[in-house]
Amino acid sequence: MIDVEICFGTTCYVLGGSRLQELENYMDDDMKSKTNIIPRNCLGLCRNSNFKSAPFVKVNGKIFDEASPEEILTVIRREIDESN
């Protein structure tokens, strides 16, 4: 199972996280069955200077900054392909 943690803190939500909340709507049934979407109130990454900007998403623990639905869908598909 692929864990996708989406930050819905205020900064992330305003800077694009609102689009990420509908990520599951863009997934086919295969992706949905292999993905666990986990909404988080805050991932606490805004203060970390190692990352660019919100919104933040973690996919199996790997952090993605300035995340877009398109990017995260590509990451999920890659994770699924690598696990097969």
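Biologist: Which residues form a nonpolar patch on the surface?
Modeller: This is a predicted model, where local features need pLDDT of at least 70, side-chain atom pairs count only at pLDDT 80 or more, and totals for chains, interfaces and linings use all residues. Residues are numbered from 1 along each chain as its sequence is written, and side-chain values use heavy atoms, without hydrogens and water. The patch has about 300 Å² of accessible area in total (Shrake-Rupley method, 1.4 Å probe). Its members are Tyr13, Val14 and Leu15.

Biologist: Is Tyr13 buried, partly exposed or exposed?
Modeller: Buried means under 20% relative accessible area, exposed over 50%, and partly exposed in between (1.4 Å probe, protein chains only). Tyr13 has 36% relative accessibility, so the residue counts as partly exposed.

Biologist: Where does Tyr13 lie?
Modeller: Helices are DSSP runs (H or I, at least four residues), and strands are too (E, at least two), numbered from the N terminus. Tyr13 lies in the run of residues 10–20, helix α1.

Biologist: What pattern does the protein chain follow along the sequence?
Modeller: The chain has three helices and four strands. Read along the sequence, their order is β-α-α-β-β-β-α.

Notes: Patches are made of residues with over 30% relative accessible area and no salt bridge: like charges are joined within 9 Å, nonpolar side chains (Val, Leu, Ile, Met, Phe, Trp, Tyr) within 5 Å. A salt bridge is a side-chain nitrogen of Lys or Arg within 4 Å of a carboxyl oxygen of Asp or Glu.
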